[in-house]
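Please open the model in a viewer and keep the selection panel at hand. The stops below proceed from one selection to the next.

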Amino acid sequence: MKSAPLPLMLLILGLTFAFLYVPISVLVALSFNESGLPTAWTGFSVKWYGELARNGDILKAAGNTLIVALASTVVATTLGTLLAVGVEIRRRKGRFLETIIFAPMIIPDIVLAIALLSFFSLLNVTMGLHTIIVSHVVFNLAFVCAVVRARLKTFDWSVVEASQDLGASTLTTLRRVVLPVLSPAVVAGALLAFTLSVDEFIIAFFTAGAGRDSITLPMQIFAMIRFGVTPEINALSTIVMGLSVLMLTLSQRLNRGRLPGQ
Amino acid sequence: MIRQKFITPALLTTGLALGAGTAMAEDLVVSNWDGYMAPDAIDAFNQETGHDAELVLHATNEEIMGKLIASKGKGYDVVFVSSPFAEVLHNLGLAEELDHSRLPNLDNLYDAATQLEHDTGNQFSVPYAWGTTGLCYRSDLTDAPQSWMALLQPSDELAGKTTMLATDRWLLAAGQLAKGYSVNETDPEKMAEVRDLLIEAKDTLLAYDDTTFYAKLVSGEAEMVHAWDGWCNYGIAENSDIKYVIPEEGSDLWVDTMVILKASENKDAAYDFVNYILGAETHRWAAENILYKVPNKAAMDGLDPSLIETFPNMGLSPDEMMQYEQLRDVGEAQRAYSRTVSEIKAAD
Amino acid sequence: MNDRKPLYLMSPALMWLSAFMVVPCVLILALAFFRRGLYGGIEYTLTLENLALVVDPLYASIFLKSAWIAGLSALIAVVIGYAAAYAISAMPRKHQPKLLFLAVLPFWSNYLVRTYAWIVLLNREGLITALARWFGFEGELPKMLYTEPAVVVGLVYNYLPFVILACYAPLSRLNPEIEEASRDLGGSGWTTFRRVTLPMTVPGIATGFVFVFVLSIGNFVTPALLGGGQFQMIGNLIYAQFLTANDWPFGAALSMVLIAIMMMLLTAQTFAAERGSGGRTEES
């Protein structure tokens with residue numbers, strides 16, 4: 001992209017990130033606000049972090065959310081990528097196929113939530129984190145597939161033919177020719193799926209079953225909404241983001257900044 | 001390779017999830033609103049009775065109802081829902097027919113609380129808290145309102161500084177009461193008038209809000225809000241200029257109830273729990289903590305008088321409350337209600 | 001590759017979707033053809049009244065309003081998101097993953113938490129007002145929160161990272177030599193962008209637009225919180241049918257119509273994506 005003027009690019013990035021991070025700064029600041037009220041700043045304090053450490057419910061819910069998001073992302077990314085590759089290879093584009101692939105994105109989540117709960121009830125399945133994971137995979141899969149397909153539209157299939165002509169099996173071709181090229185898209189899709197899952201409330205609420213063990217963070221926060229967003233929740237969000245930045249820095253150190261597949 | 005990097009974590013997390021999902025089943029699952037019981041109520045119950053109850057939360061009646069209907073009540077033992085929803089549970093056959101011999105503490109209730117319209121004789125629900133809906137306002141910023149119209153057609157200074165409850169039935173009730181109609185009115189012409197009144201009210205409204213309206217009062221963003229009496233007490237606790245009043249046209253009598261699910265597999269524990277909550281001490285402790293009136297005579301008689309001084313609406317007697325109408329499930333007309341609310345909310 | 005291989009690749013995902021989406025949803029959507037029971041259950045008499053109700057002017061207007069807000073949000077999100085994705089892909093390779101990550105990071109806080117942060121910013125006694133007062137502004141600021149623009153801002157904000165991710169994928173693998181070739185042939189930076197880069201990355205734009213549109217139109221939290229419940233979007237409406245009104249048949253009917261409309265939109269998107277990749281060879 002050498003043709004793009006650098007100052008303009010930096011300006012765009014600066015403005016976008018400012019927009020993205022202004023509300024975040026607000027919530028981080030509020031987590032350190034002594035008074036705990038959004039309307040009055042009474043001083044810097046870390047007491048809410050202490051409160052958070054004592055609040056077993058929130059911490060448990062956060063842990064559950066992480067489990068659900070990780071598990072559903074892994075499954076969805078795998079299935080979704082395979083699906084995307086398979087769809088793009090097929091020469092015949094079935095209308096029916098397209099419908100099914102896009103459906104999870106389009107179906108209103110309340111419909112999916114109630115449908116899944118009714119379905120699981122009908123089959124007398126015990127509900128818990130596993131049912132949430134299964135449900136989250138449904139829509140995550142579709143989003144991963146969409147992202148990967150967008151990349152595949154500009155993929156040069158002649159490399160695949162060349163690889164096959166040279167005697168590589170399909171599996172090897174996929175693994176060593178297609179996948180490396182796709183990896184930025186797969187990673188983007190995985191990030192997308194993880195993000196969607198972490199924030200998802202409705203489907204999680206309905207498919208979690210009744211027990212306390214399967215409450216996810218969005219469910220917990222939504223239930224606590226009677227009293228607005230407490231500073232402990234802001235503290236939790238700050239920690240989550242802080243930890244993520246830490247993880248990223250660590251993984252950068254380990255990979256020495258190489259994009260996967262390079 | 002990415003796929004290899006993912007496999008091990010995947011196996012681990014799936015293993016964890018399955019483990020978590022099949023953890024030992026609790027003795028009793030109770031679903032309630034956040035902060036609607038004394039904070040140690042469940043622990044105290046567990047200690048006293050040796051049961052192992054756990055509390056899960058729901059933010060609105062609607063979502064817990066949706067879950068119960070879709071799963072036919074499985075998984076939950078006791079739920080706290082408002083009376084129209086308890087009626088629905090009963091009509092759909094999801095509520096347990098109560099065996100009063102297992103609920104001796106029912107005797108603690110006021111007579112009036114055992115003859116509530118939605119469930120005379122407490123056949124499927126036990127009242128937990130009750131109260132009125134009215135106007136909560138900042139007495140230092142605005143005058144005491146007399147009528148519902150002060151909210152629906154506010155003065156110029158008040159315009160843009162009011163909120164109304166977002167929940168369908170109470171949203172409509174404000175209009176119904178202002179017009180002198182029943183809160184269970186089904187006549188289409190009258191409802192059309194109510195609808196038009198409420199659409200007009202949108203022009204001067206700040207927002208529909210049924211969870212953070214008292215915070216708006218405390219911050220001054222709003223000066224008069226449509227509120228349930230107990231909620232208003234939270235505001236009063238933070239700012240003594242806040243006051244609650246029932247407009248002259250009246251209010252509705254709302255009742256939050258406990259329902260045992262027919263599909264419950266822990267009926268004994270469920271009955272013990274409901275009975276425990278109805279105990280004089282426990283129920284009074286609940287009232288003092290959540291600042292709502294409870295329909296328990298034994299509890300209210302022993303209520304700390306200073307509480308009534310600070311929160312006058314807690315002193316409202318059952319006789320006074322019984323003059324107000326209860327919200328009932330309106331059967332067929334529910335569709336019309338739903339449509340009316342859509343019309344109001346969709347209007348520009 | 002022969003036609004059997006793709007099937008093996010697709011089948012795990014398709015089986016999952018069939019079991020956990022197609023079957024449950026068909027069961028629920030089929031309710032659209034039955035009647036709501038007296039107290040909210042299902043009365044098993046076949047009827048088309050629910051579908052007929054959907055075309056009522058009230059509900060049609062709600063559909064249109066939702067489409068308008070969702071479309072506007074999607075448009076703004078795509079413009080900002082594409083620019084940001086382009087800027088990220090213009091940065092040195094080694095920084096790109098970091099930047100992408102930073103773009104997505106805000107979204108690992110919680111949806112409600114972020115929305116509340118906006119409420120804190122925008123409300124009448126909020127931070128933006130405080131800022132204005134600090135600068136000496138005396139009067140009343142125009143109403144920011146509980147308005148339609150607030151809802152749009154909320155939607156754009158919440159779905160922006162998805163657009164960035166979606167647009168980044170095709171942009172990141174754009175062959176820089178093609179751009180260089182265009183410039184060598186005398187094309188200006190802008191022309192290169194307009195006639196070479198943009199068409200080649202249309203699939204990403206289309207995907208991003210559809211993401212935001214689809215996620216926005218069914219969203220009911222943002223209109224409820226940032227719009228003060230004053231806007232009835234299709235998401236709120238469907239939610240209300242299933243949960244408040246206990247009218248699953250009508251909710252199912254509304255959902256069917258929504259899904260049908262969205263399918264048509266997606267067909268258009270796939271068409272645009274095909275053109276994007278096909279157009280390139282036609283032009284060169």
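Throughout this tour, a residue is called buried under 20% relative accessible area, exposed over 50% and partly exposed in between, with a 1.4 Å probe and protein chains only. The model is predicted, and local features need pLDDT of at least 70, side-chain atom pairs count only at pLDDT 80 or more, and totals for chains, interfaces and linings use all residues. Residues are numbered from 1 along each chain as its sequence is written, chains are lettered from A and ligands numbered from 1 in the order in which they are written, and side-chain values use heavy atoms, with hydrogens and water left out.

**Stop 1: chain C as a whole**

Select chain C, which has 13 helices and two strands. Here helices (H or I, at least four residues) and strands (E, at least two) are DSSP runs, numbered from the N terminus. The C-alpha trace of chain C spans about 75 × 70 × 30 Å along its principal axes. Of the 284 residues in chain C, 60% are buried. A surface display of chain C would show an accessible area of about 11,200 Å², with 69% of it belonging to carbon and sulfur atoms; such areas come from the Shrake-Rupley method with a 1.4 Å probe, and for residues only the protein chains shown count as cover.

Among the contacts in chain C with a separation of 6 or more, 69% are between residues 24 or more positions apart; a contact means heavy atoms within 4.5 Å. Colouring chain C by charge brings up 18 positive and 16 negative charges, whose mean positions are 6 Å apart. Lys and Arg count as positive and Asp and Glu as negative, while His and the chain ends are not counted. The place of a charge is NZ of Lys, CZ of Arg, CG of Asp or CD of Glu.

**Stop 2: the loop between H12 and H13 of chain C**

Next, select C:Asn246, which is placed in the loop between H12 and H13 of chain C. Its phi is near 55°, a positive value in a residue other than glycine. C:Asn246 counts as buried because its relative accessibility is 7%.

Move on to C:Asp247. Which residue forms a salt bridge with C:Asp247? The partner is B:Arg335, and the closest N and O atoms are 2.6 Å apart. C:Asp247 lies in the loop between helix H12 (234–244) and helix H13 (248–283) of chain C and B:Arg335 in helix H16 (residues 333–346) of chain B, so the pair joins two chains. A salt bridge is a side-chain nitrogen of Lys or Arg within 4 Å of a carboxyl oxygen of Asp or Glu. C:Asp247 is buried at 2% relative accessibility, whereas B:Arg335 is partly exposed at 25%.

**Stop 3: further salt bridges**

Over all chains, the whole structure holds 23 salt bridges. Select B:Arg195, B:Asp196, B:Arg339, B:Glu343 and C:Asp56 together to display a network of salt bridges.

Then select B:Arg102 and B:Asp268, whose side chains meet in a salt bridge at 2.5 Å, N to O. This pair links distant parts of the chain, 166 residues apart: B:Arg102 is in the loop between helix H4 (83–91) and helix H5 (111–114) of chain B, and B:Asp268 is in helix H11 (residues 267–277) of chain B. B:Arg102 is partly exposed at 31%, and B:Asp268 is exposed at 53%.

B:Asp140 and B:Arg138 form another salt bridge, with the closest N and O atoms 3.0 Å apart. Is each of its ends buried or partly exposed? B:Asp140 is partly exposed, with a relative accessible area of 39%, and B:Arg138 is buried at 9%.

**Stop 4**

Colour chain B by domain: domain 1 (9–130 + 254–325) and domain 2 (131–252 + 328–346). These bounds come from an automatic or database domain assignment. The domain centres, taken over C-alpha atoms, are separated by 26 Å. At the boundary, 23 residues of domain 1 of chain B are in contact with 23 residues of domain 2.

Now select helix H7 (residues 168–178) of chain B, where 11 of its 11 residues are buried. Among them are B:Trp170, B:Leu171 and B:Gln176. H7(B) is followed by B:Gly180, with a positive phi near 80°.

**Stop 5: two loops of chain A**

Select A:Asn124, in the loop between helix H5 (109–122) and helix H6 (129–152) of chain A. A:Asn124 is not a glycine, yet its phi is positive, about 55°. A:Asn124 counts as exposed at 58% relative accessibility.

Finish at A:Leu37, in the loop between helix H1 (6–31) and helix H2 (47–54) of chain A. A:Leu37 is partly exposed at 36% relative accessibility. A distance drawn from its C-alpha atom to that of A:Ala210, 173 residues apart along the chain, comes to 32 Å.
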